[in-house]
Amino acid sequence: MGNRLLLVPVVLALLLGAFALRQSRSHAQATPKVSAACGADVTRWPSELGLDRTRDLTLCLLNEQRARRGLAPLRSESRLQLAAQRYVGEMVTRRFFDHVDPGGLDPQDRILMAGYPANNAWTGENLAYGTGPEGSPAEIVDHWMHSPGHKENILRATFTEIGIGVAFDVPKQEPPGTDPGATYSTSFGGPPTP
């Protein structure tokens, strides 16, 4: 199976996307990308890395992309992280994958519910999941950077803060024998608009 990509427009005229990465058996032998700045761990499965290390590596890779373009690094923000972590857990538990949850809440709603001032700030969200090597931080960030909507969020100068959520499972039922997977959510935030 190939990669799937879904872009969905949401709040504040941001083009936000979500995509699902699915590993095909032929892709299992592919060599993931290694980051000089972030280290070789970026190619490991999140379940081997643990939650904190997976978050740290994902943030390092995102900031590496921003640095290449002269942008300030994103700072981890606890309320955005809470929103992102809650949402990946919900997607995996309830077996859905979308920016709008079954109850109709969108990214800005979830970020506001976590206590972030989303009603007058720049906000956005990227989602992804993958199995096997395609679930590594390196592959997730690489796929985001090859998707215009996701790349735009990562490189948006008005985004200064981020929360990263990771679940060690995927929101869709995978075929038997599929390698372990991971689901990612990034909740982006920026300074309030005047």
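Student: Which exposed residues does the face of H3 turned away from its buried side carry?

Tutor: That face of H3 carries Ser 78 and Thr 93. Exposed means over 50% relative accessible area, buried under 20%, and partly exposed in between, with a 1.4 Å probe and protein chains only. This is a predicted model, in which local features need pLDDT of at least 70 and side-chain atom pairs count only at pLDDT 80 or more, while totals for chains, interfaces and linings use all residues. Residues are numbered from 1 along each chain as its sequence is written, and side-chain values use heavy atoms, leaving out hydrogens and water.

Student: What makes the buried residues of H3 lie on the same side?

Tutor: The buried residues are Leu 80, Ala 83, Ala 84, Tyr 87, Val 88, Met 91 and Val 92. They cover an arc of only 155 degrees around the axis, and therefore lie on the same side of H3. The arc is that of the directions from the helix axis to the C-beta atoms.

Student: Why is S5 called largely enclosed by the rest of the structure?

Tutor: Seven of the seven residues of strand S5 (residues 161-167) are buried, so the strand is largely enclosed. Glu 161, Gly 163, Gly 165 and Ala 167 point one way, and Ile 162, Ile 164 and Val 166 the other.

Student: What makes S5 and S6 a pair?

Tutor: Two strands pair if DSSP finds at least two bridges between them. S5 and strand S6 (residues 181-192) have seven, in the antiparallel sense, and Ser 187 is the partner of Gly 163. Strand S3 (residues 75-76) pairs with S5 in the parallel sense over two bridges.

Notes. Helices (H or I, at least four residues) and strands (E, at least two) are DSSP runs, numbered from the N terminus.
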